[in-house]
Amino acid sequence: MALLDVENLEISIRFGHELLPVVRGVSFSVDENETLGIVGESGCGKSLTALAIMGLLEGSGVRVTGGRMRFGGRDLLAMSADERRHIMGNDMAMIFQEPMTSLNPVYRVGDQIIEALQQHRNLSRRAARRRAIELLDLVRIPEPDSRVDSFPHQLSGGQRQRVMIAMALSCDPKLLIADEPTTALDVTVQKEVLDLMLDLQKRTGTAIILISHDLGVIAETCNSVAVMYWGRLVETAPTDALFETLAHPYTRGLLHSIPAIDRDVDWLDAIPGRVPTIGEQIAGCPFHPRCPRAESRCRHEVPQPREIAPGHLVECHFPYGGDR
Amino acid sequence: MMAVASIRSVFAGRTFAQIGLVWLAFVALAAIFSPLIAPFDPYEIDPIARLTEPGWPHLFGTDHFGRDSFSRALYGARMTVLIGLGAVIVALLTGGLVGMLSAYFTRLGHVLMRGVDVLMAFPALLMALVLMTLLERSVMNTIIVIGVVYATTTARILFGMTLKLKGEVFVDAAVCSGAGHASILFRHILPNLVSPLLVQASFIFAFAQLQAAALDFLGLGLPPEVPSWGNMLSEERIYVTRAPWLLIFPGALIILSVFSMNLVGDAMRDSIDPRFKDDIAGV
Amino acid sequence: MSAQPLLDVRDLKVHFRTRGRTVRAVDGVSFDIAPGEVLGLVGESGCGKSTVGRALTQLERATAGQALFEGQDILSMSRRQFLPLRRHIQMIFQDPYASLNPRLTVAQTLSEPLFIHKIARSRKDAQARIAETLDLVGLGPEAMTRYPHEFSGGQRQRIGIARVMILEPKLVIADEAVSALDVSIQAQVLNLIKKLQRDSGMAMLFISHDLGVVRHISDRVAVMSAGKIVETGDKSAIFEAPQDAYTRRLLDSIPRIMPLKETS
Ligand SMILES: Nc1ncnc2c1ncn2[C@@H]1O[C@H](COP(=O)(O)OP(=O)(O)OP(=O)(O)O)[C@@H](O)[C@H]1O
Ligand SMILES: Nc1ncnc2c1ncn2[C@@H]1O[C@H](COP(=O)(O)OP(=O)(O)OP(=O)(O)O)[C@@H](O)[C@H]1O
Ligand SMILES: [Mg+2]
Ligand SMILES: [Mg+2]
């Protein structure tokens, strides 16, 4: 059994009297030494999935309304709040998407790392401070012994993000969920940070879930990829297989939206339209209004996941590379 | 409509806060309609009916001047609301302005906030005592003193919150649009502080009650003849063994009201912007 | 170069003093931008890109140097002297969530610059201009009465772009303007920015750490490292024949997706 098993996860948001599903039946698993990438458009439910695993949805009007999550064989949803908190502090860590809002602007960054360290480990303040400086050095913050006393606003966006990463790495977690960890970073630092995470994985066997909208990052770091659209996983595959076939038209569209570094084009091939809003009713395949391959069947019949190759699942009536 | 819906969502599932709200509504009604409800004139002395036990027609009994305690308690609600609101207004206007300006104009802030820090070194009650001994006993002065005492904490809190908002990108964006200082402070920053300010106000309101009661009790607050719950305690404290009801009723009223205000404040605090939760840690 | 540049930055320095130490965030940066030209500014995180942009809009005080905008030095101007020029030097911010005041409707946000710079004569005039500008960025007039939280990230960034475009600026500084958007929305917004830039002929300083994006949108590229510009050149030169070691390292760090391009 894998370290983390998510089965048919459903997450809903309360709007007035209605409970509308946002994540609608998502299944995946990650094991030790594995990296799973989750990609998808903004608002498709990536962060909510991550927060649900971490048990951080409470009190936000968002609830897990179905499915199962098992961590190390134990049912996360059946656990008491205390057990959950214990796991969250010691076995799971998350790097949040917004470094600005996760760091408290009125405390020095060092103190925030020290607090995190002291919560999980029995360290003296002196030792915690030394460890904090080490961690800052690990994430390549220049002059860590003086930067440890900076306030968040005195750091650049990328440096703040690295502070967050240092905090997440401080407790050697079994599962690391990184929600857009490198969006604010430039490529050289991004590479360093990703290497850092993979390094941690090599040392401790940490399982990693990497949420990103940068397909390049996913391609280079992950063993397998799950492509999410409007709360569903529309394509799941080992990384190589995914990028070789690009079976789902949405996956393909995402890839073509990226400006190339080695060639000039005048206009980008953006996917037309927008993601449907929460609670919107769409008959048939949710992607069909934006899909270049849509036919009448797509407008009426919801596609079910199909295995087009071993480990390669696609939710599409007419995937590329499949027989039409 | 929106306001009603949001009030409902703040208090949904919080039984104690709801009870607190109902109690405060009672106090407010008593304050507004005390002249109509009160069966007796709260100032009328009746030497024959001294220290009557609770019963009919003196629901809460009478004090050692023979004044009707129930009527005095009703008028006391009036004082409670008056002093609470007055202190809130004074504290928010003075402290709020100092805090906001200090955070916005850094150099001015260095000077002003040092002053605030010095003042905060004194315990609230001590500061109120010192100020009251310098001033005449009156309703106005009590309000001003309590307001000023809580202005320091308000200044600190608003300083922190304004500092956070000042660093927000939308403030930079407003500067780039050419917005001036006043526009940034009052159009961009202040509206984002309204809900935390309301929460802060509810805590000041609660603590102002305690302060006022303490001052009255020490004989430094409102003039002794003014019907307030604190004065009722203070005036009758020597009769605690002979007429305990004279202390039990006003004491219970103070505790209930302060407690209710705190419950309501807590409920509101939990529903505001999480960024500001740490700032409003209580007064 | 024959024509006078629109913006000529000479030896710009921005130092921060914190707790007795000095951070040389920008340490002698020079570049120029011709009217209608897009200059991409790339470099590692913390190298001072944002600070350059912030100094040019007086969000940060420059320590030394000059920035001549149409011949006038904007760095030495007081806040008041700079005010009329703000109209011509506008900034698009990175974070579409943080850059809009949550308490103001879209119309209120967009009307603010109109009234400050006395572009709109009346409320009606302002309304008309706002509707027109919203249309320009692909939003309907019904957006006017709504609040930022009712929009998606991509839509918010369009509102941020509308706030800039409504002033018809001559120079737009875009600091990571599309970095917070996911790829498909990013492609839409990039196409939009490129179109607006071409139609209006405004010049742009496009700050980004995404080299693909910079290549797509820029005419020329400046590469920055540790507070200094290490290489400037036409984008084809920078991307195909980088001279500086740092630029080469930057280009080598880009994650690539191997087999993909043949399939298109
Ligand atoms: N606390 C909340 N209350 C109401 N709606 C929410 C809440 N949190 C998220 N949502 C909505 O749920 C949907 C999924 O959000 P989520 O944050 O998971 O998206 P995401 O895939 O992480 O997007 P992004 O790439 O922008 O981070 C969005 O439409 C979002 O607006
Ligand atoms: N207010 C400040 N006080 C002290 N130092 C600062 C301040 N603002 C920025 N710095 C420092 O200046 C340097 C440049 O920061 P800047 O934000 O310009 O970087 P950047 O190139 O935009 O990076 P990123 O790509 O991460 O956004 C950083 O080392 C940062 O720590
Ligand atoms: Mg997210
Ligand atoms: Mg920056």
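1. In this predicted model, the interface of chain B and chain C holds 11 residue pairs in polar contact, with both residues of each pair at pLDDT 80 or more. On the side of chain B that touches chain C, helix H7 (169–177) and helix H8 (181–189) of chain B are the elements that give two or more residues, and H7(B) gives the most, with eight residues. By residue class, that side of chain B divides into 10 nonpolar, eight polar and three charged residues.

2. Two salt bridges are found across the interface of chain B and chain C; one of them joins B:Asp172 to C:Arg54, with 2.8 Å between the closest N and O atoms.

3. Contact between these chains involves 21 residues of chain B and 22 residues of chain C, and the area buried between them is about 1800 Å², with carbon and sulfur atoms giving 53% of this. Within chain B, the residues that lose the most area to chain C are B:Cys176, B:Ser177 and B:Arg187, which together account for 33% of what that side buries.

4. Ligand 2 lies between chains A and C and is surrounded by 20 residues, the closest being A:Gln154, C:Ser45, C:Gly46, C:Ser50 and C:Thr51. The shell around ligand 2 divides into five nonpolar, 11 polar and four charged residues.

5. As for polar distances, an oxygen atom of ligand 2 is 2.6 Å from a polar backbone atom of C:Gly46, and an oxygen atom of the ligand is likewise 2.6 Å from a side-chain N or O atom of C:Ser50. For the side chain of A:Arg147, the corresponding distance is 3.5 Å. Of the 640 Å² of accessible area that ligand 2 has on its own, the protein covers 89%.

Technical notes:
Residues are numbered from 1 along each chain as its sequence is written. Chains are lettered from A and ligands numbered from 1 in the order in which they are written. This is a predicted model: local features need pLDDT of at least 70, side-chain atom pairs count only at pLDDT 80 or more; totals for chains, interfaces and linings use all residues. Side-chain values use heavy atoms; hydrogens and water are left out. Contact means heavy atoms within 4.5 Å. Buried area is the accessible area (1.4 Å probe) that two parts lose on being put together, summed over both. A salt bridge is a side-chain nitrogen of Lys or Arg within 4 Å of a carboxyl oxygen of Asp or Glu. A polar contact is a pair of N or O atoms within 3.5 Å; within protein, one must be able to donate a hydrogen and the other to accept it, and residues adjacent in sequence count only if both atoms are side-chain atoms. Helices (H or I, at least four residues) and strands (E, at least two) are DSSP runs, numbered from the N terminus. Ala, Val, Leu, Ile, Met, Phe, Trp, Tyr, Cys and Pro count as nonpolar, Asp, Glu, Lys and Arg as charged, and the others, Gly among them, as polar. A residue is near a molecule or strand if one of its heavy atoms lies within 4 Å of it. Accessible areas come from the Shrake-Rupley method with a 1.4 Å probe; for residues, only the protein chains shown count as cover.
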